[in-house]
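Trainee: I'd like to learn how to read strand pairing and ring contacts in a protein model. Could you walk me through one?

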Amino acid sequence: MFNVDKIREDFPILKRTIHGKPLVYFDNAATSQTPQIVIDAIVDYYSNYNANIHRGVHTLSQEATDKYEEARIKIQKHFNAKEAYEIILTSGTTDSINMVASGFASFLNKGDEIIVSALEHHSNIVPWQMLCEKTGAILKVIPMNEDGSLQMNEYHHLLNENTKLVFCNHVSNALGTVNPIKEIIDAAHKVNAAVLIDGAQATPHIKPDVQKLDVDFYVASAHKLCGPTGVGLLYGKQEWLEKLPPYQGGGEMIETVTFEKTTYAGLPHKFEAGTPNICGGIAFGTAIDYLNTIGFNAIAKYENELLVYGTQELLKIEGLKIYGTTKEKTSVISFNIDEIHPYDIGAILDKLGIAVRTGHHCAQPIMNFYKIPGTVRASFSFYNTKEEIDLFIEALKRAKKMLA
Ligand SMILES: *Cc1c(COP(=O)(O)O)cnc(C)c1O
């Protein structure tokens, strides 16, 4: 049974006060909070078996290696990858995307086309622009609708035999829109284009099955999944990971080195140059275990209740407009009140103990579409409550009165 009071006990930070008020943490789309079990995994690593991995014959090194590789298998199972070596541990979503973009530089020719969606995070726009500059490939954009959905008809028109890559987020971090990624992937494959899905915002709410999706690359960050910062994953189909050249040279990623020629290590080590975030990788595995103990169905159901309740209560505030109104949404609400600057609302909410995000949410093209400087974004997690939403609504009414 889903028991939010019990779940809240797992998160020490939720007992904090901010300016004398109980913390209401509604900035989960930027980063999630960390349960005690993940904090314990980090402390355990540094207290008991801190050592470099894959190279040592000594016990500590073997223990650390075993735990790190166990974490990779947990992640593999969670995403249902066929092989553990298809999971590359990276420093996060941004790193994973850059790894693929850099690798594709050697496959693309002038006139090839890359498609991205209008809903992308900057980390999923800039690497492709850099790739286009380097290769002469052309960037095409799937336009969006007023409700925050993608114009899928336009997408189907954009696809052609020059399309080599399609990039889209699974869920938009700015609006919460869940994109029809299965349709996007299947259509791209009909013209033999590869697809990379940015799952940074989807993975806290949805358990993706990379084999069922038949996706070529899927990326995510641990810190949005109750794990630590500085670690994430790149899932790649084996055939793609074998084709892609290595991203960085260094230790760990080689098989043999002489000054005449170096041969690269096999997967996944080919893409894991240098000493990785060992502790982070292990704690990522613990975070995935933790979330699966609660269960993604229970999480999705409860978060949807918060979304429905929050939306209904927010819309009672006169002059409040919500951006992103599709039916398929995660628990993210982006909004403005009249012409009040989002930053001013955010500053008052903070004084009242409430953490939200304000600004363009690393998605300036979406803000340009709506012709606004930014929004206030409240994003709920499974450890939030309706009582917190009530406090938030009261605080917003106060902020509105002060700023009107
Ligand atoms: C957070 C986020 C990113 C960037 O993730 P990092 O962990 O900062 O690398 C990329 N895309 C989306 C949709 C995000 O929500």
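Predicted model: local features only at pLDDT ≥ 70, side-chain atom pairs only at ≥ 80, totals over all residues.

Trainee: How many bridges join β16 to β17, and which way do they run?

Mentor: Three bridges join them, and the two strands run antiparallel. Now widen the view: the open sheet has four strands, in the order β13-β14-β17-β16, with antiparallel pairing. The edge strands, β13 (320–323) and β16 (357–359), each pair on one side only. From one strand to the next, the twist averages 30 degrees.

Trainee: Okay, on to rings. How many aromatic pairs are found in the whole structure?

Mentor: The search turns up 19. To sort a pair, check the angle between the ring planes: under 30 degrees is stacked, over 60 is edge-to-face, and the rest are tilted. The planes of F11 and Y383 are at 45 degrees, so this pair is tilted, with centres 4.5 Å apart. The two residues are 372 residues apart in the chain.

Trainee: Are F11 and Y383 buried or exposed?

Mentor: Buried means under 20% relative accessible area. F11 has 0%, so F11 is buried, and Y383 is buried too, at 0%.

Trainee: What kind of pair do F104 and F107 form?

Mentor: Edge-to-face, with 85 degrees between the planes and 5.3 Å centre to centre. F104 is buried at 2%, while F107 is partly exposed at 30%.

Trainee: Which residue lies over the face of W240?

Mentor: That's K243, at 4.1 Å from the ring centre. Likewise, K386 lies over the face of Y309, at 5.4 Å.

Methods. Residues numbered from 1 in each chain as written. Heavy atoms only, no water. Pairing = 2+ DSSP bridges. Axes fitted to C-alpha atoms, helices over the stretch in contact; angles between N-to-C directions. Phe/Tyr/Trp six-rings, centres within 6.5 Å; stacked < 30°, edge-to-face > 60°. Buried < 20%, exposed > 50% of the residue type's maximum accessible area, 1.4 Å probe, protein only. Lys NZ or Arg CZ within 6 Å of the ring centre and 35° of its normal.
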